[in-house]
Amino acid sequence: GAYRNETHYSDFCIFKKEMPAVEKMLYFDPQTSGGLLLSVNEKKAKELLARLHDRGIEKAEIIAKVFSGDSNKITVW
């Protein structure tokens, strides 16, 4: 699944040049889709994180920030 995802989605992504290939492949890993990742309004992110932790989901954390831009590509730094 990861290699098919890379083939399909790589045209929509920009990665920093020094990123190791193994790290880059984590972004195409099919196990990181669905319920494992979600996007929340920045103003509510910390509240959601606290609620998840209160309910015993200790591994939940904020891992990225979304910025608007002119490109239709995802930039990963």
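**View 1. The start of helix α3, with N41 and K43.** At the start of α3, a side-chain oxygen of N41 comes to within 2.7 Å of the backbone nitrogen of K43, a polar contact being a pair of N or O atoms within 3.5 Å in which, within protein, one must be able to donate a hydrogen and the other to accept it, and residues adjacent in sequence count only if both atoms are side-chain atoms. The model is a predicted one, in which local features need pLDDT of at least 70 and side-chain atom pairs count only at pLDDT 80 or more, while totals for chains, interfaces and linings use all residues. Residues are numbered from 1 along each chain as its sequence is written, and side-chain values use heavy atoms, with hydrogens and water left out.

**View 2. Helix α3 along its length, and G56.** Helices (H or I, at least four residues) and strands (E, at least two) are DSSP runs, numbered from the N terminus. The 13 residues of α3 (residues 42–54) should span 18 Å at 1.5 Å a residue, and the end C-alpha atoms are 19 Å apart, which agrees; the expected span is 1.5 Å times one less than the number of residues. Just after α3, G56 takes a positive phi of about 90°. In terms of pLDDT, the predictor's confidence in each residue, from 0 to 100, α3 is highest in the chain at a mean of 95, whereas strand β2 (residues 74–76) is lowest at 84.

**View 3. The salt bridge between R51 and E47.** A salt bridge is a side-chain nitrogen of Lys or Arg within 4 Å of a carboxyl oxygen of Asp or Glu, and the count comes to two. In the pair formed by R51 and E47, the closest N and O atoms are 3.2 Å apart; both residues lie in helix α3, four residues apart, about one turn of the helix. An α-helix has 3.6 residues a turn, so residues three or four places apart point the same way.

**View 4. The salt bridge between K65 and E42.** The closest N and O atoms of K65 and E42 are 3.3 Å apart. Because K65 lies in the loop between α3 and β2 and E42 in helix α3, the pair ties together parts that are 23 residues apart in sequence.

**View 5. D29 in the loop between α2 (21–26) and α3.** D29 is buried yet has no salt bridge, the nearest side chain of opposite charge, R4, being 11 Å away; buried means under 20% relative accessible area, exposed over 50% and partly exposed in between (1.4 Å probe, protein chains only). Lys and Arg count as positive and Asp and Glu as negative, with His and the chain ends not counted. Leaving aside neighbours within four places in sequence, D29 is in contact (heavy atoms within 4.5 Å) with A2 and N5.
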